[in-house]
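Subject: Structure for your review

Dear colleague,

Please find below the sequence and structure that I am handing over to you. I would be grateful if you would read the notes under it with the structure open.

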Amino acid sequence: MRKLYIYLLTSALVSIVVLGWLIDIFSEQTLEVDDNFGWQSTLASGVAKQAAREPVANRSNYIATLSEDYGLAISYKQGDTLAVPSELKAQMLTGKGLILEDQQGFYLLKTNDALLPDYLELRLDKPAERQSNDAMLTLLFYTGVCTFMWFILSPLARRLSVLTEAAKQFASGNLSARIATDKFTYIKDVELTFNRMASQIDKLLAENKLLASSLSHDIRTPVACLRFGLDAALDEKDIHQVHDILARMEKDLDQMEDMLASYLSFATLEKKSHLLNFESTDATPYFVSLIEQIAPKFKSANLQINYEIEPHLFIYADLHWLARAVTNLLSNACDFSASAVLIRVFGDGHEIQIHIEDDGPGIAPQNWHKVFSPFFQEQSHRNRAGKSYGLGLAIVAKVVDWHHGKASVSQSDILGGAKFTLTLPCKAK
């Protein structure tokens, strides 16, 4: 918006200056004052010659008498009363004299060598055509300013109309409505902000629909098990069998609680994006501490975890949420790998790449674009935990998006299994 304000102010100032300059040039070219007062200049020359023949003490009275007898607005002036440059004073000796303008109109100054330093002042009536020219030039000036401002503001009005129409379509339910930005637009920031807002709302609504659909689908199994167990417990006479049934029902309830907790945690995840706390830290101790935290899980699974971290590499991120994303990937690798997991971290000055690789079955290439979607799970294999709801990688993708980075998956060239890559931008210097 600052660009828009500066552009409008600059346009207004330029239009006023340029139009004023052009009108001044036009006014000077069309004035032709000397031609309008030709006979008055001749008359003033003759009166100046007559006044020069009179004694100095009688000149003022002589001119006053001529003014009264002939009805002329002419007067005799002392030379020291005229405050004009010497170049203009020299024009009073010419045949046409010096013509000046004030609020009342024009006046002619005339003298000769015998009359110097004194001079005559003849008041002239302002020509009617000159008055009409002033009105026309004033009207032309304001018309020009309005036309120039219309030329500047009309593209803005068109872009605002496009923005309004896109907002109406989005409000009516067309969630794909976006603004095609133009490089000549004045409100590019507003248009890009609208597109980002629309994309964010569209994504949130899609996730909510998917969340509701998945929850309603996944919760049916434990509910059905609870219903079946309750009916069985009511019909069972053996108290020991009833206790066994209640124990299985408790496990089903635990599963439901875990499921609901995971779903609700993911549903409220977006609210936490505004609470990010970015910090800078050395990558080596940061990732080593994360590896140490998850090491017991690897030890219990009899897996080996190795790492390669570029020395003296600093990362700038929300350290809590980045740790959440990395541990999710490490935990995922632990669940699927056969014997080893490798984490590699390095940077090139512009971005930092975090690679987490395993020697498990990997992910089918046709599913690489799906793995970060909420609730997606490959059906070809199960992890060891058996308690996955397809939200771990979705959380990873969301955290990386908060950091304006990118999450991707491919096949590891080193271990042969899955290779997850997090690309984060370096802190701008």
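Predicted model: local features only at pLDDT ≥ 70, side-chain atom pairs only at ≥ 80, totals over all residues.

Residues are numbered from 1 along each chain as its sequence is written, and side-chain values use heavy atoms, with hydrogens and water left out.

**The sheet**

Five strands form an open sheet with mixed pairing, in the order β6-β8-β9-β11-β10. Helices (H or I, at least four residues) and strands (E, at least two) are DSSP runs numbered from the N terminus, and two strands pair if DSSP finds at least two bridges between them. The edges are β6 (304-309) and β10 (406-411); each has a single partner strand, so one side of each is left without a neighbour in the sheet. From one strand to the next, the twist averages 15 degrees; axes are lines fitted to C-alpha atoms, for helices over the stretch in contact, and angles run from 0 to 180 degrees between N-to-C directions.

Strands β8 (residues 340-347) and β9 (residues 351-358) run antiparallel and are joined by seven bridges. V345 has I354 in β9 as its bridge partner. Helix α12 (residues 392-402) packs on the sheet, where it touches β10 and β11 (418-425), and its direction makes about 20 degrees with that of β11. Contact here means heavy atoms within 4.5 Å.

**Helix α10**

Helix α10 (residues 283-300) lies across β6, β8 and β9 and runs at about 175 degrees to β6. Its 18 residues should span 26 Å at 1.5 Å a residue, which agrees with the 26 Å between its end C-alpha atoms; the expected span is 1.5 Å times one less than the number of residues.

Buried residues of α10 include A283, Y286, F287, L290, I291 and I294. Their cover includes β5 (278-282), β6, β7 (314-318), α11, β8 and β9. Buried means under 20% relative accessible area, exposed over 50%, and partly exposed in between (1.4 Å probe, protein chains only).

**Salt bridges**

The whole structure holds four salt bridges, each defined as a side-chain nitrogen of Lys or Arg within 4 Å of a carboxyl oxygen of Asp or Glu.

- E191 pairs with R159 at 2.8 Å, N to O. E191 belongs to helix α7 (residues 188-218) and R159 to helix α6 (residues 128-171), 32 residues apart. E191 is buried at 0% relative accessible area, and R159 is buried at 14%.
- D335 pairs with K297, with 3.3 Å between the closest N and O atoms. D335 lies in helix α11 (residues 319-336) and K297 in helix α10, 38 residues apart. D335 is buried at 12%, whereas K297 is partly exposed at 30%.
- R344 pairs with E357 at 2.9 Å, N to O. R344 is in β8 and E357 in β9, so the pair ties together parts that are 13 residues apart in sequence. Both residues are buried.

**The β2-β3 hairpin**

Strands β2 (residues 98-101) and β3 (residues 106-110) run antiparallel, joined by four bridges. L98 has L109 in β3 as its bridge partner. Four residues lie between the strands of this hairpin, and G105 takes a positive phi near 145 degrees.

Yours sincerely
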